[in-house]
Amino acid sequence: MTRETQARDELARGASRRQFLQWSTAAAAASALTNVAIPRVHAAEDNTIRLALIGCGGRGSGAVGNAMNSPHGPVQLYAMADVAEDRLTRAHKALTDHFGDRVVVPKERQFVGFDGYKRAIDCLGPNDVAMLTSFSYVRPLQLEYAVKKGVNVFMEKSFAPDAPGLRRLMQAGEEAKKKNLKILAGLQCRHSVNRQELIKRIRDGQLGEIMLVRAYRIHPAGGMGKKPEGMSELMWQIRNFTCFPWVSGGLYAEMNIHQIDELCWLKGDWPVTARGIGGRARGEPDRSQEFDSISIEWTFPDGTKATDGARWLGGHCFREFATYAHGTKCAAQFSGDIHAGTTHIYKDQRTTKDNIVWQASDETINPWDAEWNVLLENIRQDKPQNEVERAAMSNFADLMGRAAVHSGMEITWEQMTNSEFQLYPGKIDDLNYDSEPPVKPDADGFYPVPVPGVWKET
């Protein structure tokens with residue numbers, strides 16, 4: 001089974017794209033790298049970069065595996081935190097079973113609670129890394145704390161569920177620059193060698209002027225059933241993070257930020273307007289707040305367009321997971337299934353297999369490993385790395401599209417970046433187990449769904 005086939009099967013079962021070790025290489029190969037001679041890190045006498053895993057779901061555990069795979073180790077998992085104790089316990093066992101003595105997280109460095117991230121970060125020193133891999137509702141405040149403590153950061157996508165959160169994130173990013181902290185954002189496709197090569201060819205004019213970029217993420221993703229007895233409403237919503245925009249930005253904003261980042265990267269600019277259409281299948285039993293079908297069009301300053309289509313339904317619907325660019329000379333494929341580095345240039349505008357004039361070889365290092373190689377090397381060599389602003393700008397474009405679909409209105413870049421709309425109107429820093437979530441179900445356990453023409457996000 002290829003890595004791509006395995007990833008597709010995991011996604012079809014509703015797993016995170018960071019399902020534990022989905023893309024990792026063999027543990028033995030990673031362990032062998034611990035003996036490679038590397039420059040000392042002045043703050044750690046044993047030359048080890050320590051990690052604090054904050055958010056212990058599949059994507060967090062997978063990111064630990066990516067860090068362990070790097071030739072720029074040694075790295076050690078040193079602390080863990082989560083709001084759900086069972087999730088932390090499972091992750092700790094799985095990671096320990098796989099990486100052995102590279103996981104050094106005794107009970108006194110396992111923190112459960114909404115303030116657990118602080119205690120985990122407090123365990124780290126200079127040149128260590130706080131892994132912010134929970135959900136976007138807490139990403140800005142956790143980044144703030146890590147920067148305050150002088151700790152490097154890996155932060156997963158997406159980065160905030162609304163515009164005020166993104167502005168807060170960017171402020172923390174500016175403070176990180178002053179301290180020369182390294183910040184890696186989880187838009188791993190930016191570190192794909194194949195995409196970087198195709199971008200170079202595009203900038204060199206091989207496609208001509210880019211006139212259209214289009215992306216698709218059309219595959220089953222599942223819905224949400226009824227809350228079980230005995231679970232608090234708050235924890236139910238947090239555990240089902242893609243079903244509630246206040247927790248993660250919602251299914252579209254959480255997952256399709258990769259496609260939107262690619263659209264903006266290809267254009268080398270940020271959009272000025274967004275329009276969108278979305279809805280839910282009639283009679284769909286999904287109780288979440290999410291649409292299951294979305295189509296968005298962005299317009300860039302030069303008037304060219306980018307589109308992204310998402311459909312989360314199964315059945316007999318066609319499926320596609322890819323990004324394409326069309327220039328005045330010819331077209332190219334920029335991204336493939338499950339973010340594979342599938343890059344082609346075609347003879348003309350026909351994006352078919354029999355029309356390819358150039359294609360990249362399979363990537364020897366997957367993008368998830370590649371991004372960690374960059375971060376750890378920059379820490380070792382004290383080179384600057386701060387991806388906060390770029391990640392936040394792609395997230396703004398992401399939220400523009402979501403707002404356009406939910407409101408039924410055309411949304412401008414200025415409206416989105418200046419928006420005061422908040423999905424969690426309280427002070428998110430004060431969230432605790434007794435807090436009331438901002439949305440509640442009706443008598444049948446269904447949650448309010450945005451109504452275009454009525455709903456507002458700007």
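Is Ile338 buried or exposed at 4% relative accessibility? Ile338 counts as buried because its relative accessibility is 4%, where buried means under 20% relative accessible area, exposed over 50%, and partly exposed in between (1.4 Å probe, protein chains only). The structure is a predicted model, in which local features need pLDDT of at least 70, side-chain atom pairs count only at pLDDT 80 or more, and totals for chains, interfaces and linings use all residues. Residues are numbered from 1 along each chain as its sequence is written, and side-chain values use heavy atoms, with hydrogens and water left out.

## Overall architecture

The protein contains 15 helices and 15 strands; helices (H or I, at least four residues) and strands (E, at least two) are DSSP runs, numbered from the N terminus. Its C-alpha trace spans about 55 × 55 × 45 Å along the principal axes.

Of the 458 residues, 58% are buried. Among contacts with a separation of 6 or more, 74% join residues 24 or more positions apart; contact means heavy atoms within 4.5 Å. The protein exposes about 18,500 Å², and carbon and sulfur atoms supply 52% of this area. Accessible areas come from the Shrake-Rupley method with a 1.4 Å probe, and for residues only the protein chains shown count as cover.

The protein has 55 positive and 58 negative charges, and their mean positions are 1 Å apart. Lys and Arg count as positive and Asp and Glu as negative, while His and the chain ends are not counted. The place of a charge is taken as NZ of Lys, CZ of Arg, CG of Asp or CD of Glu.

In soluble globular proteins, nonpolar side chains tend to be buried together. A nonpolar core is here a set of buried Ala, Val, Leu, Ile, Met, Phe, Trp, Tyr and Cys residues joined through side-chain atoms within 4.5 Å. The largest such core holds 99 residues, of which Tyr137, Leu143, Met155, Trp246 and Trp298 touch the most other members. Helix H14 (residues 388-407) gives the most to this core, contributing 11 residues. A second, separate core of 25 residues includes Leu77, Phe99, Val105 and Val129.

Gly401 belongs to helix H14. This glycine is buried, with a relative accessible area of 0%. Leaving aside neighbours within four places in sequence, Gly401 is in contact with Ala274, Ile296 and Trp298. The C-alpha atoms of Gly401 and Ile411 are 7.8 Å apart, and the two residues are 10 residues apart in sequence.

Helix H12 (residues 257-267) is mostly covered, with 11 of its 11 residues buried. Charged residues among these include Asp261, Glu262 and Lys267. Gly268 follows H12 and has a positive phi, near 65°.

Trp270 lies in the loop between H12 and strand S8 (273-279). Its relative accessible area of 23% makes Trp270 partly exposed. Not counting residues up to four places away in sequence, Trp270 touches Cys264, Phe300, Pro301, Arg390, Met393, Ser394 and Trp413.

Pro164 lies in helix H7 and is buried, with a relative accessible area of 15%. Not counting residues up to four places away in sequence, Pro164 touches Ser419, Glu420, Phe421 and Gln422. Pro164 and Ser419 are 255 residues apart along the chain, yet their C-alpha atoms are separated by 7.1 Å.

## Backbone geometry in loops

Most residues other than glycine have a negative phi, and most peptide bonds are trans. The table lists departures from both patterns.

| Site | Backbone value |
|---|---|
| Gly73 to Pro74 | cis, omega near 5° |
| Lys157 to Ser158 | cis, omega near -15° |
| Asn180 | positive phi, near 55° |
| Ile338 | positive phi, about 55° |

Pro74 is in the loop between helix H3 (58-68) and strand S2 (75-82), and Ser158 is in the loop between strand S5 (152-155) and helix H7 (163-178). Asn180 is found in the loop between H7 and strand S6 (183-185), where its relative accessibility of 33% makes Asn180 partly exposed. Ile338 occupies the loop between strand S12 (331-335) and strand S13 (344-346).
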